[in-house]
Amino acid sequence: FTKTLSPERKVARAAQLMHDLAGEPVDPFTIVGTLPLGLKQWITISRALVSEPKILILDESSAALDFDSTERLFNKMRSLRDEGTTILIVTHRIAELIRISDRATVLRDGRDVGVLEKEQITEKNLLALMTGDEHAGSAHGHEAPQPSDETLAMRANRIAVWPHAEIFDFELRRGEIVGIAGLDGQGQDDFVRAVAGVETVRAGLVQVADRHGEYHSVRNLADAIKNKVVYVSGDRKREGIFASLSIFENMVMPLYREKRRAGILGIIDWSTLGTIFKREAENLLIKYGMREDGITSLSGGNQQKVLIGRGFAMRPDVIMLNDPARGIDVGAKAELYKHLRTFAKEGKSVVYMSSELEEFIGFATRVIVFRHGVPFDAFDGRSLDPKKLLEAMFGQTDGRGLDAAWG
């Protein structure tokens, strides 16, 4: 703000700008640490817009935003462009580049590998440049994995994830990938956290089945880990990384107690942990210098890969992923999808929440859309239509798909 602007006008301007961008009133005096990730992202964007810049650089600015919020950001960007502002965006979301860019430059391994003008910006051309494979765009078609039988890995009976919200049931079969979608703040995040044991359900009971078909309650994170249920967060700063520890420690620390020897002495088996670290780092294409380097020495995308690697390293039977691909590159996303498909083929189960609808196509067995803290509609992954998914997110379908694809 300029020095001549009064404190009252600063507060009013901040409140108005946040309302315009976030689509809801935000108290300017709220402590930022208490806000959800999406609102934090709007604050950083607003900070850049306050000075009415001539050149605006947005680095993964939409990574923490849901579809509706991203649309508002795009509208603002178009408005600024039409007023003469030059905008440079860095993003891993291909759909965004296709829709918003007038020109796209692709970097690979730190080098400029191609520039595409607006009419050339297609998924096939972008993927070909990003991966170095001319056929990459045509290799996108995969069939969503299907369970071999109806054996359950998890069930949730008469649960509620919000106070006074409707109750519902949920079943997760062995060998399936269940996609979870919804506009920001519609309860999908609370659902994933609740069934993963990170938060307590407001009502009902969550149970996970062992290999003998016996059910065990999941009331907290300790219960979940004990029964081989692992949670991977997309909010790495708040509930993911240990900023003061190394890359190696961040990935394998949960295994210290498990990978020890010498009985009561509890000597950590560093050799085994080193092998696990190397395997997961290679699988997810993590780019790092020395494994002893601090986790904060990595880019945000590579930090996220470490968290995903930590989840796989714990060898779960059920893995819960809360927007895990936020900020990671196309190659790493492809590797993640491949690992999760293999994971499901082994008879294990995945719950995958994402703010990017494109992630579900050819990947999710079924997709459940949340509204107002409860499942609103569900879709079979074999005939997934992004348009219908989007309509459900905005409450424009009647929920009949729940019977067909709920489980």
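Start by selecting Leu 58, Glu 60, Ser 61, Ser 62, Leu 73, Phe 74, Met 77, Ile 89, Val 90, Thr 91 and Glu 96: together they line the second largest cavity. A cavity here is a set of points, on a 1 Å grid over the protein atoms alone, where a 1.4 Å probe fits but cannot get out, and lining residues have an atom within 4 Å of a point. This one holds about 40 Å³ of space, where a volume is the space filled by probe spheres set on the points, with grid points joined across faces, edges and corners. The whole structure has 2 cavities of 30 Å³ or more.

Before moving on, some housekeeping: this is a predicted model, with local features needing pLDDT of at least 70 and side-chain atom pairs counting only at pLDDT 80 or more, while totals for chains, interfaces and linings use all residues. Residues are numbered from 1 along each chain as its sequence is written, and side-chain values use heavy atoms, with hydrogens and water left out.

Now color that lining by element. Helix H3 (67–82) and strand S2 (86–90) each supply at least two residues, and H3 has the largest share, with 3. Helices (H or I, at least four residues) and strands (E, at least two) are DSSP runs numbered from the N terminus. By type, the lining splits into 6 nonpolar, 3 polar and 2 charged residues; Ala, Val, Leu, Ile, Met, Phe, Trp, Tyr, Cys and Pro count as nonpolar, Asp, Glu, Lys and Arg as charged, and the others, Gly among them, as polar.

What does Arg 99 form with Glu 71? The two make a salt bridge, with the closest N and O atoms 2.7 Å apart (the criterion is a side-chain nitrogen of Lys or Arg within 4 Å of a carboxyl oxygen of Asp or Glu). It links distant parts of the chain, as Arg 99 sits in helix H4 (residues 94–100) and Glu 71 in helix H3, 28 residues apart. Arg 99 is partly exposed at 39% relative accessibility; buried means under 20% relative accessible area, exposed over 50%, and partly exposed in between (1.4 Å probe, protein chains only).

Arg 382 is exposed at 59%, while Asp 380 is partly exposed at 25%. For a network, select Glu 150, Arg 173, Glu 176 and Arg 366, joined by salt bridges that share partners.

Next, center on Gln 188, in helix H6 (residues 188–195). Buried or exposed, with a relative accessible area of 6%? Gln 188 is buried. Its side chain has a polar atom 2.9 Å from the backbone oxygen of Gly 182 and also reaches the backbone oxygen of Leu 183 at 3.0 Å. Beyond four places in sequence, its contacts (heavy atoms within 4.5 Å) include Met 353 and Phe 370.

Last stop: backbone angles. Most residues other than glycine have a negative phi. His 164 is not a glycine, yet has a positive phi of about 65 degrees; look in the loop between strand S5 (152–160) and strand S6 (168–173), where His 164 is exposed at 86%. Arg 315 also has a positive phi, about 50 degrees, and lies in the loop between helix H11 (300–313) and strand S13 (318–322).

Methods. On a 1 Å grid over the protein atoms alone, a cavity is a set of points where a 1.4 Å probe fits but cannot get out, and a pocket is an open set with protein on both sides within 12 Å along at least five of seven lines; lining residues have an atom within 4 Å of a point. A polar contact is a pair of N or O atoms within 3.5 Å; within protein, one must be able to donate a hydrogen and the other to accept it, and residues adjacent in sequence count only if both atoms are side-chain atoms.
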